[in-house]
There are 2 protein chains.
Amino acid sequence: MSLRVRFSSRGLTPPDVAGSVVFVVDILRATTTMCAALHHGAKAIIPVDSAEEAMRLAQTIGRDDMVLAGERNCLRIEGFTLGNSPREMTPEMVQGRTVVLTTTNGTRALLATQAADEVFVAAASNITAIGGRAHAALEAGRPILILCAGREDEFALDDAYCAGRIATLALGGRDVADVEHDDATIAALDLVARYRQRWDKPLRASTAGRNLVRLGMGDDVADAARTDAYPVLAHFHERRVLAVRPAA
Amino acid sequence: MSLRVRFSSRGLTPPDVAGSVVFVVDILRATTTMCAALHHGAKAIIPVDSAEEAMRLAQTIGRDDMVLAGERNCLRIEGFTLGNSPREMTPEMVQGRTVVLTTTNGTRALLATQAADEVFVAAASNITAIGGRAHAALEAGRPILILCAGREDEFALDDAYCAGRIATLALGGRDVADVEHDDATIAALDLVARYRQRWDKPLRASTAGRNLVRLGMGDDVADAARTDAYPVLAHFHERRVLAVRPAA
């Protein structure tokens, strides 16, 4: 059994992810926003790494079937319908549509996972669904990598805490010492011990959270801290994020 | 006032360090070993990034005036007199000599700081001296960067905890919220809250510590956990680490 955490996607190479089940975290706000959109009926999210690529891609999809969303420095990109706020992903805006999304850190992390065995998109919004999948993967002996988007390739407290919550659920009561792990996994679990079940604390203390509050988007921080607010199992495959429906 | 922590030197650029007082941490074992050598009378340490460079440099120094030390994968490099163990840096081996040292992670971190205003070498061994200098620098309004060597460019628990101890001393009772800081600073302080004053716990839990124990070098881990065991203010300048004598 193997459980690893990376605090950013900097330097991540295909061999680092090959064969692993990867959980990508950019809780403020890309992965929360993706969960919100899927929960509210978006057909799919296509993450792309530039506004130009988003606009090119948009032209290949019918105008009524897609919506352009994304941010730079937390603000909506000019000419885009939506920014990167989970609260903008209302049923009115996204239902039945494909959301083409470009964000600063989260998109980069997702695009770095292409060699993975399977990739899921994680946040507080869907933590129970994600935790269940992570636990099942660990118990099945599949290597797990929790990949934080981080902030400009550096450590981000909000993502690291979320990684700790996923790791806790993956372990499901097992001692981390009984599985193969790295130092980042221990530190992420330490953050959970530190902040306990309080999503709001690390989110508000993080640089990303403080920036959003300063820009008047504190409600997005509060939204991202809501456990299972958008309880979709969000799966990334062939460049699209889709909601996986349970087999029932 | 500004206090930042980097969990590895990956991607560190000269603008990241320019103008800052930098504290470099590779507690298992390079910075502990440097403190031990200086405390036991070494004239200087010259960190170099390859065994070849160490041997070339050794030839330019008189044979009796220097000693070659270094490791790859924790083991002494073939042909070198010493490995990278603080316990090898006895007065008999190092007094009056220059130690040419090459290690995997610590050397790389030190060599990444060349644009800094001032650079110190930190470990548990000299934490009080380092903490005093960090506090003075913060109070003087000089930007502080605590640079962890990390492990193969990734997060290392042992170094991160040491960073938290330095940050705690730098703050000297100030609330971190009252100084400019990054998310890694908060996480490092959180590790101190988690492990309190117990150096041994994060050191033994870290991958580096577990590797050393497995290789029969658990005594090095215990040695690195001794507070102020080698209480030198180790200063890196013009590619040499020297013990700064207090002005008295």
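Contact here means heavy atoms within 4.5 Å. On that basis, 100% of the interface residues of chain A are also interface residues in chain B, so the copies meet through the same surface. The structure is a predicted model, and the contact draws 24 residues from chain A and 24 residues from chain B.

The relation between the copies can be looked at next. Two copies of a chain are related by a rotation about an axis and a shift along it. In this model, chain A is superposed on chain B by a rotation of 180 degrees with 0.0 Å of shift along the axis, and the RMSD is 0.0 Å. This is the relation of a two-fold axis. Within chain A, A:Arg194 has the C-alpha nearest the axis, at 3.3 Å from it.

A:Arg194 also takes part in the contact between the chains: its side chain meets that of B:Asp190 in a salt bridge, with 2.8 Å from N to O. Across the interface of chain A and chain B, 4 salt bridges are found. The polar contacts across this interface comprise 12 residue pairs, both residues being at pLDDT 80 or more. On the side of chain A that touches chain B, the elements that give two or more residues are helix H7 (157-171), helix H8 (183-195) and helix H10 (207-214) of chain A. Of these, H8(A) gives the most, with 9 residues. Sorted by class, this side of chain A has 11 nonpolar, 4 polar and 9 charged residues.

Now to the area. The size of an interface is often given as the accessible area lost when the parts come together. Chain A and chain B bury about 1900 Å² between them, and 51% of this lies on carbon and sulfur atoms. In chain A, the residues that lose the most area to chain B are A:Phe155, A:Asp183 and A:Asp190, which together account for 31% of what that side buries.

Aromatic rings complete the picture. A pair of aromatic rings is described by the distance of the centres and the angle of the planes. Over all chains, the structure holds 10 aromatic pairs. One of them is formed by A:Tyr161 and A:Tyr195, an edge-to-face pair with 6.1 Å centre to centre and 85 degrees between the planes. Since A:Tyr161 lies in helix H7 of chain A and A:Tyr195 in helix H8 of chain A, the pair ties together parts that are 34 residues apart in sequence. Helices H7 and H8 of chain A are also among the elements that give two or more residues to the side touching chain B.

Conventions
Residues are numbered from 1 along each chain as its sequence is written. Chains are lettered from A and ligands numbered from 1 in the order in which they are written. This is a predicted model: local features need pLDDT of at least 70, side-chain atom pairs count only at pLDDT 80 or more; totals for chains, interfaces and linings use all residues. Side-chain values use heavy atoms; hydrogens and water are left out. Buried area is the accessible area (1.4 Å probe) that two parts lose on being put together, summed over both. A polar contact is a pair of N or O atoms within 3.5 Å; within protein, one must be able to donate a hydrogen and the other to accept it, and residues adjacent in sequence count only if both atoms are side-chain atoms. Helices (H or I, at least four residues) and strands (E, at least two) are DSSP runs, numbered from the N terminus. Ala, Val, Leu, Ile, Met, Phe, Trp, Tyr, Cys and Pro count as nonpolar, Asp, Glu, Lys and Arg as charged, and the others, Gly among them, as polar. Copies are superposed by least squares on the C-alpha atoms of residues with pLDDT of at least 70 in both. Rings of Phe, Tyr and Trp (its six-membered ring) pair if their centres lie within 6.5 Å; planes under 30 degrees apart count as stacked, over 60 as edge-to-face and the rest as tilted.
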